[in-house]
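Thanks for coming. Please put the sequence and the structure up on the screen, and I will go through it piece by piece.

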Amino acid sequence: MAKKLGNLLVEAGLITKEQLAEALEVQKKDNEKIGTILVKLGYLTEDEITSFLSKQYGIPAVNLEHFEISEDVIKRVPSDIARKYVLIPITRTGSTLTVAMADPTNIYALDDIKFLTGLNVEPVVASELSIKNAIDKYYGSETQIELRKVVEDMEGFDEEGDLEVVEDEEEIDLESLVASVEEAPVVKFVNMMLMDAVKKGASDIHVEPYEKYYRVRFRIDGVLHEVMKPPLSMKDAITSRIKIMSKLDIAEKRLPQDGRIKLKMKIEGRRKELDFRVSVLPTLFGEKVVMRILDPEKLMLDMTKLGFEQESLDKFHHAISKPYGMVLVTGPTGSGKTNTLYSAMSQLNKPETNIMTAEDPVEFNLPGINQVNVRDEIGLTFAAALRSFLRQDPNIILVGEIRDFETAEIAIKAALTGHLVLSTLHTNDAPSTISRLMNMGIEPFLVATSVNLICAQRLVRRVCKNCKEQVKVPKKTLLDIGFTEKEAKEVKIFKGKGCDVCNGTGYKGRVGLYEVMEVTDTIKDLILSGATALDLREQAIKEGMITLRRSGLIKIMNGLTSIEEVLRETVL
């Protein structure tokens, strides 16, 4: 059926022979239907595939997003049959059951459902992705079904049980987890929670105890989503399990603790090695655990793909290619600062260069770079690490964060004595970073002479490519948020309506907004004369600085993000 459909799509002029050939190559590896592959490759939308199938088979097409299927109808078809044939029952009228199918010509599927239900079956066509999404919604995803079983097993399970330590190199295999009924429910639950988070593309896992309930949330594309509520009686067992995996003290429940879990996972036949950075914090009703998922595959080291405007990228490249001076990256937690710095270091990493980093903690291991974990409890602070670095003949130094006067002072002295220093600060925009350094106690002349460039950044969600559609926005609104009169007339605004690919959010992935301020001679003079952050900002804009808001507007004009996302992260 796959080849036949592909050839029909070529004949209809919907795709080219080359696109079909590419999809067939992908199919050999992924073993998915050709329609699904063409949607993933971006050659067709789900609506185009569904409309084509409908015409081809002379069967009505449906959009499952508009259906609310009753429990009585869902119960008619078992979940294993629905998954096997990629179909879902949607309505029942008298003795007729209407079933949405990816392949409405599958006679075996139709016969099986007639036999199981004793009803007449009327097929309608829907895309494979939308059916799979509906199956997960109404029957639960395979992982969620297993988690549900584990949670049911855990009801009334009050003891911590015999928790087995996970070694650094332990491999979690979903299939073997499902089969291992003998394992304690808490072990299975934690392992499956980690697997589910990785599958969903989460960046963080939050495990939170409250007075009357216990919940788990995943942060996906910067937004938290509640995914499950384990029994409240299990909170101590789950926390202890995570602590053992992180090599933390399970007896200490009054103080915050930080640890790390290193695991090898097998997901959909592929082996992945992942780190989970773990933070345990005592709260009013128990310990809250947050795990940051560090996936080396998601680390983008190509600076041209991060979202920099070309002018800003040119300035950044110019600053990091200087033999000495300081380059600062600023922004709140989770704004992609680490990724930007690692990308810069990756570009500078050459055999003739000695790069030293002090990080809290080291997130990703970069070959050829000397990385040091800061440990305040034993006196290895950023300042202490920096002092040692200066005796290690470095060319480039990365300081994870400038938090205090001592670290700032040593970093600036290093920048003034022939070293390139890269670091981060928590400030709202690029110009206010200058004021922040001076508020720490650094003399204006030291700031003016040492800092080459400041880059402020934010992350906004990308509009989903699969379901994006143009929307009308009043011209006054466009002018109010910063578009020029000419741009307000011409700009096309896009928004995601929500589909299976983006889990109904309208967004898939993220892109950076960047404000890059070069410390030119004019700006140096302003710093020395005690200018405010506002004065510095005005001068930088005159010299061509693209502000965070302007960077956001450019992304909107390029159809990458929405007005709501830019307003959420930037100010005029």
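In which crossing, left-handed or right-handed, does H13 pass H14? Before the answer, one caution: this is a predicted model. Now the answer: H13 passes H14 in a right-handed crossing. Two packed helices are described by the angle between their axes and the distance between the axes. Here the axes of H13 and H14, the latter covering residues 337–348, come within 11 Å and cross at roughly 55 degrees. H13 and H14 are therefore oblique to each other. On the H13 side the contact is made by Phe-316, His-317 and Ile-320, and on the H14 side by Thr-340, Ala-344, Gln-347 and Leu-348. Sorted by type, the residues of this contact are four nonpolar, three polar and no charged.

Next, the sheet. How many strands does the open sheet have, and in what order? There are seven, in the order E13-E12-E14-E15-E11-E16-E19, and the pairing is mixed. At the edges are E13, residues 370–373, and E19, residues 507–518, each of which pairs on one side only. On average, and ignoring direction, neighbouring strands of this sheet are turned by 20 degrees against each other.

As a reminder, strands of a sheet pair through backbone hydrogen bonds, either parallel or antiparallel.

H13, residues 310–320, lies across E11, E15, E16 and E19, and runs at about 140 degrees to E16. H23, residues 548–557, lies across E16 and E19, running at about 140 degrees to E19.

For an antiparallel pair, go to E9, residues 270–283, and E10, residues 286–294, which are joined by nine bridges. E9 and E10 form a hairpin, with two residues between them. Within the pair, Leu-281 stands opposite Lys-288 of E10.

Now the loop between E12 and E13. Is Phe-364, which lies in that loop, buried or exposed? Its relative accessibility is 11%, so Phe-364 counts as buried, the cut-off being under 20%. Leaving aside residues up to four places away in sequence, Phe-364 touches Leu-294, Asp-295, Pro-296, Leu-299, Tyr-342 and Gln-371. From Phe-364 to Asp-275 is 89 residues in sequence, but 8.8 Å in space, C-alpha to C-alpha. The loop between E12 and E13 also holds Pro-361, and the peptide bond from Asp-360 to Pro-361 is cis, with omega near -10 degrees.

A few backbone details to finish. Asp-221, in the loop between E6 and E7, has a positive phi of about 50 degrees although it is not a glycine. Lys-247, in the loop between H12 and E8, is not a glycine either, and has a positive phi of about 60 degrees. Lys-247 is exposed, with a relative accessible area of 53%.

Last, H17, residues 431–439. Its buried residues are Pro-431, Ser-432, Thr-433, Ile-434 and Leu-437. After H17 comes Gly-441, with a positive phi near 115 degrees. That is where I will stop.

Notes
Residues are numbered from 1 along each chain as its sequence is written. This is a predicted model: local features need pLDDT of at least 70, side-chain atom pairs count only at pLDDT 80 or more; totals for chains, interfaces and linings use all residues. Side-chain values use heavy atoms; hydrogens and water are left out. Two strands pair if DSSP finds at least two bridges between them. Helices (H or I, at least four residues) and strands (E, at least two) are DSSP runs, numbered from the N terminus. Axes are lines fitted to C-alpha atoms, for helices over the stretch in contact, and angles run from 0 to 180 degrees between N-to-C directions. Contact means heavy atoms within 4.5 Å. Angles under 35 degrees count as roughly parallel, over 145 as roughly antiparallel, 65 to 115 as roughly perpendicular and the rest as oblique. A crossing is left-handed if the near helix is turned anticlockwise from the far one by less than a right angle, and right-handed if clockwise. Ala, Val, Leu, Ile, Met, Phe, Trp, Tyr, Cys and Pro count as nonpolar, Asp, Glu, Lys and Arg as charged, and the others, Gly among them, as polar. Buried means under 20% relative accessible area, exposed over 50%, partly exposed in between (1.4 Å probe, protein chains only).
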